[in-house]
Amino acid sequence: MSEPEIQLFAKQQKIYPRRVWGVYRRVKWLAMILLLSIYYLSPWIRWERGGNAPSQAILIDLEHTRGYFFGIEIWPQEVYYITGLLVLSAVALFFVTALFGRVWCGYACPQTVWTDLFVWVERIVQGDRNARKKLDESPWSLEKIYKKTVTHLIWLFIGVCTGGAWVFYFNDAPTLMEQIIHAEVPLPVMTWIIGLAFSTYLMAGFAREQVCTYMCPYSRFQSAMFDKDTLIIAYDEKRGEPRGKHKAGDSWENKGHCIDCDSCVVVCPMGIDIREGLQMECIACGLCVDACNNVMDKIGLPRGLIRYNTEHAREHGTKPDLRLLRPRNLWYAGIISLVSGFMLYSLLTRSPLELTVLHDRNPVFVQLADGHIRNGYTISILNKNHAEHVYRLQVKHLDNAHIRIEASHETSPDSLPVFADSVGHFRVFVTASKQAEERKEIEFEITDLKDQLKEEKTSIFVSEN
Ligand code: SF4
Ligand code: SF4
């Protein structure tokens with residue numbers, strides 16, 4: 001007997017979500033408008049920083065390796081802020097998931113938001129579920145070509161706007177817009193716009209729910225954050241079963257409240273039937289809740305046959321109680337407070353001046369003809385001010401030390417200029433008499449002559465191998 005063939009690939013079945021009205025649909029519209037507005041408009045917010053610093057509130061300046069977020073400026077040396085931000089985002093997502101389930105997936109994930117927008121465009125141009133299905137099944141005609149072309153052109157337009165908005169975060173938005181208008185966009189920028197336009201078009205226009213089901217790792221492990229008090233979308237089978245068609249005026253005796261109308265199924269953007277229980281595909285968007293509530297209103301039964309619920313409440317037949325003070329929530333809240341507290345503290349105490357000192361490795365020291373010892377260092381002064389500042393360099397804990405700056409022109413250690421928002425690199429030679437210790441610990445100190453701010457760094461002065 002031949003072995004049954006194992007299918008490793010299931011062909012995508014196109015889903016035609018039907019239009020629905022209700023509380024959660026309104027929340028989704030609001031979330032979409034808010035999130036898309038933030039995404040498209042943020043690069044246009046101005047923030048004066050003075051000097052030659054960029055006046056864009058949110059900007060990742062790859063050319064000068066800086067990140068700007070309103071009053072915060074991140075240098076490459078401060079990449080730990082980005083690490084902190086990523087840790088915060090991940091733990092905040094776990095925290096929200098433990099409390100409210102997949103609320104991120106249902107309302108705020110870019111894949112959900114853009115797919116919702118694309119489905120809305122499809123509906124406006126081609127009509128609701130039945131009209132779209134009929135159009136797809138019908139042979140090609142002028143009407144079909146027209147409707148499909150208009151849909152895809154609008155999708156592409158949204159894709160280009162999405163890619164265009166993304167590159168504004170990496171360039172001065174008004175300048176780049178002028179370049180776009182005059183068709184003078186640099187090739188790398190154009191490549192990014194085209195790439196992102198097509199990925200948006202493909203992901204939101206075609207891949208849709210496949211991204212959530214097969215590509216997104218979060219849908220696979222989010223159940224690890226769930227417990228019995230996490231909000232999930234659930235069908236009340238005790239009340240709904242046995243399901244069956246129901247005519248107006250018929251008795252409800254021995255019948256469940258589900259009239260098997262399929263409204264909850266046809267509105268689902270993931271194409272699932274929530275009555276079969278909690279499924280990995282369910283993004284907790286709440287649209288089936290709206291659909292079923294509308295049906296219940298029509299047949300005069302109480303709402304909530306499908307609703308946001310918790311396992312705990314379902315088991316005990318009670319109302320869902322989020323129980324905020326659960327151990328896992330406290331852990332998440334603790335990590336969030338710790339990381340954000342640390343980031344806030346380091347931002348508030350952030351110095352506009354930094355110093356790094358690198359001792360020469362080869363040779364580690366040189367003995368001069370007069371018996372003195374000379375050590376070489378590379379000193380970098382980070383001037384995070386938006387104006388040029390001048391610094392004085394001193395060496396501490398080394399008697400009668402002489403400092404010489406190697407430069408093409410006469411440069412005194414008492415007057416080291418560093419341009420605005422720049423790092424000044426200096427080759428420095430320190431000469432002193434031979435020390436008792438082989439490697440003496442010394443201190444480099446720079447003083448900002450304008451605001452008398454000081455910064456110190458420990459190094460060594462080597463006298464012997
Ligand atoms: S919408 Fe409500 S009544 Fe209709 S099939 Fe779904 S659960 Fe049953
Ligand atoms: S089952 Fe309901 S909540 Fe889950 S994805 Fe479908 S419509 Fe959204």
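This is a predicted model: local features need pLDDT of at least 70, side-chain atom pairs count only at pLDDT 80 or more; totals for chains, interfaces and linings use all residues.
1. As to overall form, the chain contains 15 helices and 14 strands, and its C-alpha atoms fill a box of roughly 110 × 60 × 60 Å along the principal axes. The radius of gyration is 32 Å, whereas a compact globule of 465 residues would have one near 23 Å. Of the 465 residues, 24% are buried.

2. The domain assignment divides the chain into domain 1, residues 12–350, and domain 2, residues 353–462, and the C-alpha centres of these two domains lie 54 Å apart. Where the domains meet, eight residues of domain 1 are in contact with seven residues of domain 2. The side of domain 1 that touches domain 2 consists of two nonpolar, four polar and two charged residues.

3. The largest nonpolar core has 46 residues, and those with the most contacts inside this core are Ile233, Cys288 and Ile306. Among the elements that give two or more residues to the core are α4 (110–126), α6 (142–168), α8 (187–207) and β4 (232–235), while the largest share, six residues, comes from α13. As general background, nonpolar side chains tend to be buried together in soluble globular proteins.

4. Ile233 deserves a separate look: leaving aside residues up to four places away in sequence, Ile233 touches Ile274, Cys282, Ala284, Gly286, Cys288, Val289, Ile306 and Tyr308. There is also a second, separate core of 16 residues, which includes Leu382, Tyr391, Ile446 and Phe461.

5. Which residues are the closest to ligand 1? They are Cys258, Cys261, Ser263, Cys264 and Cys292, within a shell of 15 residues that surround this ligand. Both α12 (263–266) and α13 (287–299) supply at least two residues of that shell, and α13 gives the most, with three. By class, the shell around ligand 1 comprises ten nonpolar, two polar and three charged residues.

6. Ligand 2 is surrounded by 13 residues, of which the closest are Cys268, Ile274, Cys282, Cys285 and Cys288. The shell around ligand 2 has twelve nonpolar residues, one polar residue and no charged residues. Cys288, listed here beside ligand 2, is also one of the residues with the most contacts inside the largest nonpolar core, and Ile274 and Cys282, likewise listed beside this ligand, are among the residues that Ile233 touches.

Note on methods:
Residues are numbered from 1 along each chain as its sequence is written. Chains are lettered from A and ligands numbered from 1 in the order in which they are written. A residue is near a molecule or strand if its C-beta atom, placed from the backbone, lies within 6 Å of it. Helices (H or I, at least four residues) and strands (E, at least two) are DSSP runs, numbered from the N terminus. Ala, Val, Leu, Ile, Met, Phe, Trp, Tyr, Cys and Pro count as nonpolar, Asp, Glu, Lys and Arg as charged, and the others, Gly among them, as polar. Domain bounds come from an automatic or database domain assignment. Two residues are in contact if their C-beta atoms, placed from the backbone, lie within 7 Å. A nonpolar core is a set of buried Ala, Val, Leu, Ile, Met, Phe, Trp, Tyr and Cys residues joined through C-beta atoms within 7 Å. A residue is buried if 20 or more other C-beta atoms lie within 10 Å of its own, exposed if 12 or fewer, and partly exposed in between; C-beta atoms are placed from the backbone. The radius of gyration is taken over C-alpha atoms; the globule rule is 2.2 Å times the number of residues to the power 0.38.
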